[in-house]
Each structure stands twice: as structure tokens, then as C-alpha cells.
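These notebook entries record what I looked up in one structure. I begin with a single residue and then turn to the sheet, the core and the helices.

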Amino acid sequence: MQLKHCYNSTLDFNKFKVEIRKRFDHMQRKCNKFEKKRRSVHALPKHVLGRIIVSDKYRFMMCLIPKVSSTSWRRIFLQLSGKFTDKRLQTLTNRAVFYRMYKHYKTLQHYNKNEIDFRLKNYTKVVFVRNPFERILSAYRSKFVNSNQFHKTYGTQIISKFRHNATKREKKRGDNVTFLEFLKYITMTKNHNFHWATFWNVCAPCTINYDYIGMFDNLKTESADFLQYIGAKGVKFPRRALFYKKGKTTTKVTKKYYSHIPTKYLAAIRRIYKKDFTLFAFPNSAIDNLTSKNT
């Protein structure tokens, strides 16, 4: 099928597996339906441009999506800068990596109009995505279960609003939000932190026209393929165990959490994240199988 929008990718698709080209073409077709008249990048909110990291040395830019290996890719960016060895990076906390990366790289919002246009036309644009159901669960476990980071800012709100007969202590501390309560918060409010906001809102895929769309399920291989493509010799994907103490959100963990969720909330999630599911061809079947008996 010929694409209505004639966007010329900078990527040499012949150097990658056929799936990479299929993802790009699929997204272009769906974007034609969602946005018949594409937005100008210069009309995008600053928070979108601020998430797109630019490597002038390797002529590519990447939108970093929370809970889709964004921290691992920050470590890779520091390696690409030539100022950090893999051994040195192993000693840095995730927080330290976050701040150091922004000392060595600009985001797209820090360039002027002509500089942005040049980079969009000549640089490869990269994004890694993850099934929204799994990403939402990963955000919940990261911010509410494995740390107390969001207990005061979000936990207190969630418990006060969605827990009947909550005690004063629970409302004050916000430290034991359940996964169902978290899903109710997402589906019944418009306050979406970027850790669980839609890809559509975080990275504006139909405006930026990402060339290389990587999948979290095949993260290491597809990251390595892209690093090889740009000529990043000796740069390896970080070992997760070195800087994460808690277990990752596996299929088994996902099944455990979602098996108890009523289907009406899953349907609401699909509606909110519809564009993400559609643009990146994520299947619903796995979650359907887990929740088909719940009401």
C-alpha cells in the first residue's frame, strides 16, 4: 500500500530485520488516520521536545519514555559521549546518571527553529515502546511498591478518592495504594504523570516521524542493532542487575497483577491508550486471557 504521507526516512532499512520497516510503515498508515493534517514540530509542547535527546556526534535523536528502558539509554548516551567508561557508569546511581546526561546533551527544545528542522530532516529519530498494560504496571511497582517516591504526591490522593472507609493514617501516608486503586486513578482522572502518560502525549509520534521503532520485548537485541548501525563501537547495553535491586515486570508478574482486575477497567485503559495500541500494533489478547473471567 502506498503511503499517503510522503515522509522520507533517514534510516537504511536494508540493514535491519524486516520488522523495523514494517513498524515504520504501519505507524505512517495509522498516523494518516489520526492526523490527516500533521502538526508542526514547532507547535509541540515543551515537555515533548524536552524528552527528545539529541546526539550530534552520531546524528540521531531519541525520545526517552519512562518505564521503557529510559535509564538504560541514559547510561548508553553517557558512553556515547566518550567521557564515561562502562566500568565508571557501573558506580553511578540512576539519579546521578540522570543529571550527568543532561550536562553532556541537549534536548530538542534547546535548538532554534532552523536547527530543529535540520536535525529532523537529517538525523535518525528513535523511540522504544512497550505494551501499555505492562508499562502501567511497571510504573506502579516502581513508584508505589518498590519505593516511596509517589506516596505523598499521588498515594494520598488516590487513597482519599478511591478507598472507601480509608483511615486517617492511610490518607496521610499514602503508602499502600493497591494496583486496582491506581488503575481507577488513571481511568477516572486526567492527571497523568509522564511515567504512565501515553506515548502519544510524551513523544508525539505522528509529528516527529520516528524512523527506528524498537520494542521493549526485544530490547537488548534491537538496541545492539541500532548501536551497531550508528557505529558506536564498544558500547554495550547496561546490565540491569547492576543498578536495579528489585525484580523486573515479567510476564509472570504481569499475569499475577492483572488476573484480579475487572474487565471494565481494562477496557477503560484501552480507550485511553488507544492510539498507542494502534500505532505500535500491540495486541490485546494476552490481557484478555488474563481477565476474561473478571467482571
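**Entry 1: an arginine**

Is Arg 23 buried or exposed? I found that Arg 23 is buried, because its relative accessible area is 14%; buried means under 20% relative accessible area, exposed over 50%, and partly exposed in between, with a 1.4 Å probe and protein chains only. I note here that this is a predicted model, in which local features need pLDDT of at least 70 and side-chain atom pairs count only at pLDDT 80 or more, while totals for chains, interfaces and linings use all residues. Residues are numbered from 1 along each chain as its sequence is written, and side-chain values use heavy atoms, with hydrogens and water left out.

I placed Arg 23 in helix H1, residues 18–34. Helices (H or I, at least four residues) and strands (E, at least two) are DSSP runs, numbered from the N terminus. The side chain of Arg 23 reaches the backbone oxygen of Ile 213 at 2.8 Å. I read this as a polar contact, that is, a pair of N or O atoms within 3.5 Å; within protein, one must be able to donate a hydrogen and the other to accept it, and residues adjacent in sequence count only if both atoms are side-chain atoms. Neighbours within four places in sequence aside, Arg 23 is in contact with Lys 17, Ile 213, Gly 214, Met 215 and Glu 222, where contact means heavy atoms within 4.5 Å.

**Entry 2: the sheet**

I then followed the strands. Five of them form an open sheet in the order S3-S1-S2-S4-S5, with mixed pairing; two strands pair if DSSP finds at least two bridges between them. Strand S3 (106–107) and strand S5 (212–215) stand at the edges with a single partner strand each, so one side of each has no neighbour in the sheet. Helix H13 (residues 219–229) packs on the sheet and touches strand S2 (60–63), S4 and S5. The direction of H13 makes about 150° with that of S5; axes are lines fitted to C-alpha atoms, for helices over the stretch in contact, and angles run from 0 to 180 degrees between N-to-C directions.

What joins strand S1 to S2? I found four bridges between S1 and S2, which run antiparallel. Two bridges join S1 (residues 52–55) to S3, and this pair also runs antiparallel. Ile 53 stands opposite Met 62 in S2 and opposite Thr 107 in S3, whereas Val 54 stands opposite Lys 106 in S3. Both faces of S1 are covered, with Ile 52 and Val 54 buried on one side and Ile 53 and Ser 55 buried on the other. In the hairpin of S1 and S2, four residues lie between the strands, and Arg 59 takes a positive phi near 55°.

**Entry 3: a valine in S4**

I located Val 129 in strand S4, residues 124–129. Val 129 counts as buried because its relative accessibility is 1%.

Which residues touch the most other members of the largest nonpolar core? Of its 92 residues, they are Phe 60, Trp 73, Phe 182 and Trp 196. A nonpolar core is a set of buried Ala, Val, Leu, Ile, Met, Phe, Trp, Tyr and Cys residues joined through side-chain atoms within 4.5 Å. H7 gives the most to this core, with six residues.

I checked H7 (residues 132–145) and found 13 of its 14 residues buried, so H7 is largely enclosed by the rest of the structure. At the start of H7, a side-chain oxygen of Asn 131 reaches to within 2.9 Å of the backbone nitrogen of Phe 133.

Phe 182 is in contact with Ile 136, Tyr 140, Phe 144, Ile 158, Val 177 and Trp 196, its neighbours within four places in sequence left aside. Seven of the ten residues of helix H10 (residues 179–188) are buried, so H10 is largely enclosed as well. Phe 182 is one of these buried residues. Their cover includes H7, helix H8 (151–162), helix H14 (251–258) and helix H15 (263–272).
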